[in-house]
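Subject: Structure handover

Hello,

I am passing this structure on to you, with notes on what was found in it. Please read them with the structure open.

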Amino acid sequence: VYSFFVIYANMDGFDPSDGLDGDVGMLGGDALSRGRGYRPAIERAELDRWILSELQNTVSTVVERMDAYDNYNACRALTSFVDGLSNWYVRSSRSRFWNTDKQSQDKRDAYWTLYECLVTVTKLVAPFIPFLAETFWKNLAGVFSGRAAESVHLCDYPKSISAQVDRQLSEQMQLLRSLASLGRKTRMSAKLKVRQPLAEVVVLLADTQHQAWLEAHDELLQKELNVEKITYSDDDQYIDYRVTPNFKRLGPRVGRLMPQVKKAIASASGSELLAQLNEHQKVVLDIDGQDVEFDNEDLQVSIHAKEGWVAADDHALGCVVVLNTELTPELLRKGLARDLIRFVNDRRKALGCEYNDQIQLGLETDDSEVMLALEENRDVITQDCQAVSLVFGSQADCESVEVKLGSGAQLYVRVVS
């Protein structure tokens, strides 16, 4: 995350000291608020408000745990925050940092948000990794030319800013991230690579309190799971619920009735048993004329997707994600385009390209499906690879590399600026 910030801030000329005169001390919010383009958190995008809320929650947890001499869980809180910062905030904000309009307020907000997070995390980790934290501080605060605290170890330890905490937003975003995690889990179980676009994800929620908010953020989940469509449904037509008795727990209690218990559970509707468990936390079945009560620990519930689908669930959150695994020719061609983008970006790295270098792109292949894939997805390829052109055939005075794309291809990449 630190490297990402430094690279793009230098490219775009983002300087937190711009417009900030005088002493800035420990780079607290009061000092930074005087910076050019700085806006209060409440005026920034929802994603900014979310990560700043998570930052304040993390500050609170770390201070509380360290006061209790529980450094292990303090570090866990820090690790969890950095994971969210890197794998959700930065990933979801990349288009904002890539915006070519350097004066865009949304882009400035993203830079200020990431800068504040890095400064605060540097202070938080200082007791745990003092030398690395000092290195970060020297760079993050160095732009102020001696007007900031000389060392991170001379700064007060952060205090949580309760006004920036939005518990509902944290809960909603956590649910969205959990759905993304379940979606990735289903892809792994079906052995479907992340670069391969899929047609649809169906989400089933036991509690629909946040469904409207989730639907308004479909684009985030679509990008994260690389799917064309997100559908929220209360129809479990895509899955079967299978309920089995927990023999180890039930054996001592039901004794000789176990065969009848097994038969009764097997003949009952799995979805109905699950609904009763969710609503009443128990199920009562007639076993040889006796009412026998079962709770969540007595019964084991598993889900099985119908043919052409794969599913994963989270009992604690009460949600199921079902992924359509059918691959149409069009989806397969989109997958080929994604593979090419990866090959091109690997080639850019091998050539030592800077992040903002423009390239000319050429591909030589006899595979008609690859050629069609590139034509259909030309705009996406050129945009993601920062290519000014994409042509078919060999390129003079340009070294080629062989790539495994369809039946095979030769890739040409020439830096033009």
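In this predicted model, G362 has Y412 as its bridge partner, and Y412 belongs to strand 12. The two strands concerned are strand 9, residues 359-364, and strand 12, residues 409-415; they run antiparallel and are joined by 6 bridges. Helix 14, residues 368-376, packs on the sheet, where it touches strand 9 and strand 10. The direction of helix 14 makes about 150° with that of strand 10.

The sheet itself is open and has 4 strands, in the order 10-9-12-11, with mixed pairing. Strand 10 (387-392) and strand 11 (400-403) are at the edges; each has a single partner strand, so one side of each is left without a neighbour in the sheet. On average, and with direction ignored, neighbouring strands here are turned by 25° against each other. As background, strands of a sheet pair through backbone hydrogen bonds, either parallel or antiparallel.

How many cavities of 30 Å³ or more does the structure hold? The count is 1, and the largest cavity has about 30 Å³ of space. Which elements give two or more residues to its lining? They are strand 9 and strand 12. The lining residues include G362 and Y412, the bridge partners mentioned above. Also lining the largest cavity are Q360, L361, Q395, C398, V413 and R414.

There is a further open sheet of 4 strands, in the order 2-1-8-7, again with mixed pairing. Its edges are strand 2 (227-233) and strand 7 (309-314), and because each has a single partner strand, one side of each is left without a neighbour in the sheet. Neighbouring strands of this sheet are turned by 20° against each other on average, ignoring direction. Strand 1 (residues 198-205) pairs with strand 8 (residues 319-324) in the antiparallel sense, over 5 bridges. V203 has V321 of strand 8 opposite. Helix 9, residues 218-225, lies across strand 1 and strand 2 and runs at about 125° to strand 2.

The last item is helix 7, residues 167-189. Helix 7 has 23 residues and reaches 33 Å from first C-alpha to last, close to the 33 Å expected at 1.5 Å a residue. At the start of helix 7, a side-chain oxygen of D166 comes to within 3.3 Å of the backbone nitrogen of Q168. Just after helix 7, K191 has a positive phi of about 55°.

Regards

Key:
Residues numbered from 1 in each chain as written. Predicted model: local features only at pLDDT ≥ 70, side-chain atom pairs only at ≥ 80, totals over all residues. Heavy atoms only, no water. Pairing = 2+ DSSP bridges. Axes fitted to C-alpha atoms, helices over the stretch in contact; angles between N-to-C directions. Contact = heavy atoms within 4.5 Å. Expected span 1.5 Å × (residues − 1). Polar contact = N/O pair within 3.5 Å; in protein donor to acceptor, adjacent residues only side chain to side chain. 1 Å grid on protein atoms, 1.4 Å probe; cavity = no way out; pocket = protein on both sides within 12 Å on 5 of 7 lines; lining within 4 Å. Points joined across faces, edges and corners; volume = space filled by probe spheres on them.
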